[in-house]
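Visitor: I am new to this structure. Please take me through one part of it closely, the place where the chains meet, and then show me what lies around it.

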Amino acid sequence: MDPNHYLVLSGMLFTIGAIGFLVRRNAIVAFMCVELMLNACNLALVTFSSHWGVLDGQVASFFVMVVAAAEVVVGLAIIVSIYRTRRSASVDDANLLKL
Amino acid sequence: MTLLEVVAPQAATGAFSLAWLLIALPALGALVLLLGGRRTDRWGHWLGVATPIASFVLAVVLFAALMASPAEQRAVAVPLYRFLEVGGWEVSLGLLVDQLSILFVLLITGVGSLIHVYSVGYMAHDARRRRFFGYLNLFVTAMLLLVLADDYLLLFVGWEGVGLASYLLIGFWQHRRSAATAAKKAFVVNRVGDMGMVLAISLMLATFGSSAFADVHARAGELGAGVATTLGLLLLLGACGKSAQVPLQSWLLDAMEGPTPVSALIHAATMVTAGVYLVVRSNPVYAQTEAASTAVVVVGTVTLLFGAWIGCAKDDIKKVLAGSTMSQIGYMMLAAGIGPAGYAFAIFHLLTHGFFKANMFLGAGSVMHAMDDGVDMRRYGALARVLPITFATFGIGYLAIIGFPFLAGFYSKDHIIEAAFEHNVVVGSLAMLGAGVTAFYMTRLMLMTFFGTRRWADGVHPHESPLVMTVPLVLLAIPSAIGGLLLNNWIGGWLEPVVGHGEEHGAPSLLHFSVVGGLTLLLVAAGVALAVVLVGRREVPVTAPRTRSPFVLAGRHDLYGDAFNETVFMRPGIGLVRAVVATDRRVVDGGWTGGADALAGLSQVSRRAQNGYVRSYALTMVAGAALVAVVLILGRLG
């Protein structure tokens, strides 16, 4: 098993997530892009873990999943409530928090 | 000059151990009246009257005890407590009751009590009468502390207390802008003199390690000429401030803004006499320095002519009296500067002046009371019949001040003029001239106020003052008349242990007429005659006539004392302050505010990065992460 394939895939996924987050305005899509980046990281962690034969990377990826799950709970709630009050899920419309 | 042996004071026993009550009683009065608030409004003024009278009674008891004791035991020290102790330097506070201070205590409490009684009537319609009596008591307290202190440091406490009380009283009608300004002026001018006092006390502490009278006077002989002269001049500066001597005279005329009893208290019993007391008390210092003594003589002579000049030109009855006070205090300073030959005469004149000046000021208050508080003598006239008691008592004061034979001022002023002649013919002649001018302006005042035609303003109905005001007038007129006779043969011997003994000159006997005395009398008569011709024989115009005479104009403007202060001190002072402020603003503050402005500008620019768009933040983060990655990779490669 060549870890390079997995790492390339992980890099591609991360890049797609990052670019998607930068160019898309819809909050849900942006959110999904963030998840994509997190999972790209998970993939890299697991790859290295299996390559070196230690469990550290897998443990770390569990932590990432827990954080991601918590983030989804909070983030979706915020997005829904913003959508309810402003009738919009565009991240560019929620731009009042500034100096 | 005869050197003086400093007598060690006796320890206090019997009544003397109660000497602190002299000060404590009026202090208590002031405390109750000022802290008691409106609750004391109804009876406060009577408490205010009672405390100085109680002090006076105690002073009489102490005086009698001093009289009864042998001459060498007439200085009694009353230690109070140790004020501070730092290393080898110790300041104990105590009172000194001796021949000199007891005379002052009697004058302050005696004349002060009468002024208090008079004020009950004078201030009857003032809503803040209780507060007025609180301030009066404070004034008396401070002045008693000043004269009873046995240490220049404690004297200075009283000295400042007098300054504070005079400020409060001159500005008592503070709703009047002129009164508030006058109070401030008196305070500021006094500060200049106080600076002299502070420096003098510091010099004493540096030289002797002590500022107690006993130490300073006992060791004054060790002083070098330079130090002695400096000390003498600094003390003179302090005395000039309090006693309104040239060049610090400008506050006295404006101080007339206070209620009239305050003027009487300042001019007769307290405050202006403090400077004379200081010089006389410091006589061992002045014995060491010819230069400083001469300076005292010059200041006194200049002031006595200065005050007389102003007195001639004013139409405000109180300002004429104020000019005459300056002039009379000038006589006292002159006598004090002459040395041991003059000290007793200075105190003698101070006492008689205390009587007749208080008498005349209160009389002027009585006239103002009758004339609806008008002070312009051009609006008076023909008041002799309307105000018989005021006229009679004022007349006695008038005769006393011009030196009418056998009245108080005759003896005291004559002695000073004679002593001045023996000291220096020029000074003597000027002092004699001053006596003639005094006669002129006082006669002018009498004629314009009590004689001539009625020039009253419309709606003024003069009436004699109530008994509570006239009785003090009568009681003050008595010593004004006979005070000189009583004290003349006695006071020199009484004060000798404190001020030293002058060379014997013409043992002052009752019917003693010297050539100088005769000449003085002639000059006085000439002054009176001149006033009768110039004022009494003519109709007095209701408004002051316009004149081009530089003498009159100068007199009306207080000899340009204020203008002088303004051009020499005030305007350059304002310029200096402006320059300092500008330097502070531009240079010192400029550095700091400039730096702060630059930082603020930078923040203005960088805050634009925070624009509220999440995606731009994300771009920043990605760019940052990329940057970190690049740095890491480059580091790995290196």
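**Where the chains meet**

Guide: This is a predicted model. Start at the boundary: 12 residues of chain A are in contact with 11 residues of chain B. The size of an interface is often given as the accessible area lost when the parts come together. Here chain A and chain B bury about 1,100 Å² between them. Carbon and sulfur atoms account for 59% of that area.

Now look for charges. Between chain A and chain B the count is one salt bridge. Its partners are the side chains of B:Arg615 and A:Asp92, 2.7 Å apart from N to O. By class, the side of chain A that touches chain B has seven nonpolar residues, one polar residue and four charged residues. Polar contacts are also counted across the boundary. Four residue pairs are in polar contact between chain A and chain B, both residues at pLDDT 80 or more.

Next, follow chain B away from the boundary, to its strands. Strand 1 of chain B covers residues 10-11. Two bridges join strand 1 to strand 2 of chain B, and the two run parallel. Find B:Ala11 there: B:Ala77 in strand 2 stands opposite.

Strand 2 of chain B spans residues 76-86, and strand 3 of chain B spans residues 89-97. Nine bridges join these two, which run antiparallel. B:Tyr81 has B:Leu93 in strand 3 as its bridge partner. B:Leu84 stands opposite B:Val91, also in strand 3. In a regular strand the side chains alternate between the two faces of the sheet.

Strands 2 and 3 of chain B form a hairpin, with two residues between them. In the turn, B:Gly87 has a positive phi of about 60 degrees.

An unreviewed UniProt entry lists residues 84-133 of chain B as "domain: NADH-Ubiquinone oxidoreductase (complex I) chain 5 N-terminal". Over residues 84-133, chain B is 58% helix and 24% strand. The end C-alpha atoms of that stretch are 33 Å apart.

Over residues 149-434 of chain B, the chain is 78% helix and 0% strand. The end C-alpha atoms here are 34 Å apart.

Technical notes. Residues numbered from 1 in each chain as written. Chains lettered and ligands numbered in written order. Predicted model: local features only at pLDDT ≥ 70, side-chain atom pairs only at ≥ 80, totals over all residues. Heavy atoms only, no water. Contact = heavy atoms within 4.5 Å. Buried area = accessible area lost by both parts, 1.4 Å probe. Salt bridge = Lys/Arg side-chain N within 4 Å of Asp/Glu carboxyl O. Polar contact = N/O pair within 3.5 Å; in protein donor to acceptor, adjacent residues only side chain to side chain. Nonpolar A, V, L, I, M, F, W, Y, C, P; charged D, E, K, R; others polar. Helix = DSSP H or I, 4+ residues; strand = E, 2+ residues; numbered from the N terminus. Pairing = 2+ DSSP bridges. UniProt positions renumbered as here; feature names shortened; annotations may be inferred.
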